[in-house]
Amino acid sequence: MPSKFHNRLQLLRGNLAAEEPGARGFEKAARNPGCQLLQVLTVAGISPGTASERIFRCGAAEGQSPFAIGAGIQFEAAQFRNSGGRVLQLYRGANRLTMSESRIVDLSLDNIGAQKADMSRRKSETMALLKMKLAGDPTAPNLIIKPRISIKLYGIPHDLEPDALVASDSDRFYRVVEVKSYPDRAGKTCPSDLRSACRQSAVSVVALRQILDASGVRDSGAIVPAVADLILRKPGGYWGTLHTMKIKAEVHSIEAFLLATPFLLDTAEGNIERLSPGSSLGEPRVLDAFPTCYRDTCREFCALADRCKQRASSEDNPATLGSRIREELASIGTITRALDFLHGRGVPPSKPAEQAMAIRLKEAYSRLTEVVSHGL
Amino acid sequence: MGCDLDLVGRLGAYERGRAVRIASHQKVAIHPSAMVMSPVAMAGEDASIHVIAIGNIGISPAIRFVPDPRMRDLGDRLYGELGMLFWEYFLGCRDAGTYPQIWVSSRPATTLLDILADVLRSPRRDPMVRRFGDCLAYMSERHPVAGQQALMTATGALRQHFVTGQSPEEDEHLGKLLSWISPSPSETAVESAARVGKIPMGTKTDPKFDRDVLDPLLRKYENARRRGDTPAFLAAIERTIGASLESVAFPIYEGIQRAIRELSAASLPMMTDLPALEAKEIAAFNSFMEAIDAGFSIPKSDKPKVAARKLEEREDAEKNLRAAIILGTTTGQVAANAKGEVVSGKVTDVQVIPVGIRGRMHRVEMQSEQRVLRVRAGDRLYRMDEPRLCFLVTGVQRTGRTTTVSMRIRSGMRSIGAPSIGSFLDLAPEVPDWGNDMQIRMKINRRLANLPWTHMSGNTPRAIRKGVTPLDPLADLEMLR
């Protein structure tokens, strides 16, 4: 039976079909808590790429290269080939699993299938295995490949597919494993790659906690701690490396996002009612009514970054000059005001913070014009 | 205040609609025989070069590519060719008594070279491929060292001299950065940056290009190979692949050339210590070549002592560069003065105090009106126009807007002499020391003559129990050594 929210979300979407956000969608929405636009789109089931291409008609700015997708698939396949042989090797090498802890269940598409009924079967089998582990069944698997779990938003389950779940016989419950073909360069590994992988894992951790809560288990946070395993790629080949990552902050941000979602739905409906009763999020001016919080890091994960930057620029927002300047000019508010202080024009500063910034800007300005041959 | 110059510069650039110069001196060397290159990797294959445009400053590039870098034999052929090219260049630099310099577009290119440096030095690879890896390893080792002149990014070099009216992250896109530095007359810098921002200027191709152009071509090539089609047919497909890849690599190469032209066109005087930085580069390069001649190469991971030495050398390089910028550039001095690191003021008193039978100590007092001053007793200060004269701060007293700094001359009295009363002094917190490599090595060797217990296998020292007073606390401390 569709939840009462189904209809509300359908009305919000208008003619647009619902898109599953997946772990990536959830983690992106939680990255920028100040951006109501991204959060509303996510909960309504509209991806930023669809908003950019079909609503704002800016052209799609999302999409991976087929080569990157292929490399990722090949790397994953190499890890899970022969019943997860390489993954087991990694865990044994890290003394996380012993030789006897080799019970593996493969729920991947290759094994089960990709039809809708197969997806349901994967989900039900995953739940059964999780219950086994929770009940302390000694025959519960140590490695579940491509389980299918769900995270609930407005009571509506959204399917997630972590790459694996792992647990030794002595572990109370499973830990999320994400396999990524990002090159492992130790301390030089790309921070944005790591960030993305950790955040995706955090979504699965929250989903597991929800499952435990729904099963009446107390203290799900202790049973599913905010930790995940990442398997990254050794450059130049298809061998993996295992890393355990603490993801407390990431899990917290996902949980905070989920807590805020009831208000988002009400806000979205309120905006539509106010602006254009009967319309939907499919109209640009409705989307423009939602506050955004442009940051230079938005470009990393959101297809609407360019549009938001234009909007921030038209709002005279110092965020267009970078995060550091946004923070420096927080007491002033706008770029125009900062320029007024720089040139000693316009309304004089009234608050102490403004006065201090005005002095600082004027001094810096006069020093800069002194030392470079052409002034500002 | 360096941050304030950047802040004010960005505001000004935003207002003017074009980049603002924030450097009074050129801080990077543009070596006349430098190589310029724009390597592009295949998406998902971070340790590959799909196409590379390579040449010298002001010269059109040679384009080298492999039809499919996922085929190891094809990739190695390209790396072998590049290995020969690089090695010839390195040998030429050694014979000329200079150092190699390579220009790439931005940070992702240095990352790609770093990854390749590790992967290509596998013992199973062809010797010339490994030699290419050695050359890249040298460049990648030098890159994090402050003030190095070996591996230059066009974005990094430009950003040391210009600020734009966009975020620093956007400045890492070479096309956007150049749009601000020399905007086209027919559109604003913002419009131009938005337009060119869609053109890849790093090391990856656009996903749409991959989907619509490259993927179909590579499938055609793969199928042709599998079918055993004629060499002529394969060559024709390869040419088509090459032409499409060239359209990616060439604009990046041109962007780097344009960046070098913009820097040269600014016609800034060289930073005073730039020759010293280049001399360091030559010394590092000679050391590398000697090691190669002796059959050694840069290890993939360092042992603890070597790592400690390299860390110390990097810290020293940072300190030297900081000091060089303060002493050798006007903007550096102004920024340091505003931060309170450079003390400027008037000498109000000089006293000569006898010490012992024949010794003398010179005490100097100066007063500064600087609003911000970061100086305290025990600090050493160096006279900026005569760095050999060193003062030791003995006291700092602030009264209203005036700060009185009491000092004694620590060194340089005989060669420079005490300042006269009424003269103005600018004192810097540090001066570069370009010849202390041997001292650093000796210091590290001395300190690490015995490896600390944290780096030794075996038993850790026993913990001291709480509440129990040790009979011999010094012995317990000694055990921790």
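In the predicted model, Gln149(B) touches Lys27(B), Val28(B), Ala29(B), Tyr99(B), Pro100(B), Gln101(B), Leu274(B), Leu277(B) and Glu281(B), residues up to four places away in sequence not being counted; contact means heavy atoms within 4.5 Å. Gln149(B) lies in the loop between helix H4 (127-142) and strand S6 (151-153) of chain B. Helices (H or I, at least four residues) and strands (E, at least two) are DSSP runs, numbered from the N terminus. Gln149(B) counts as buried because its relative accessibility is 1%; buried means under 20% relative accessible area, exposed over 50%, and partly exposed in between (1.4 Å probe, protein chains only).

Residues are numbered from 1 along each chain as its sequence is written, and chains are lettered from A and ligands numbered from 1 in the order in which they are written. Local features need pLDDT of at least 70, side-chain atom pairs count only at pLDDT 80 or more, totals for chains, interfaces and linings use all residues, and side-chain values use heavy atoms, with hydrogens and water left out.

In chain A, strand S3 (residues 149-153) pairs with S4(A) in the antiparallel sense over 5 bridges; pairing requires at least two DSSP bridges between two strands. Ile151(A) stands opposite His158(A) in S4(A). The two strands, S3(A) and S4(A), form a hairpin with 2 residues between them, and Tyr154(A) in the turn has a positive phi of about 55 degrees. Strand S4 (residues 156-160) of chain A has a covered face formed by Ile156(A), His158(A) and Leu160(A), while Pro157(A) and Asp159(A) form the uncovered one.
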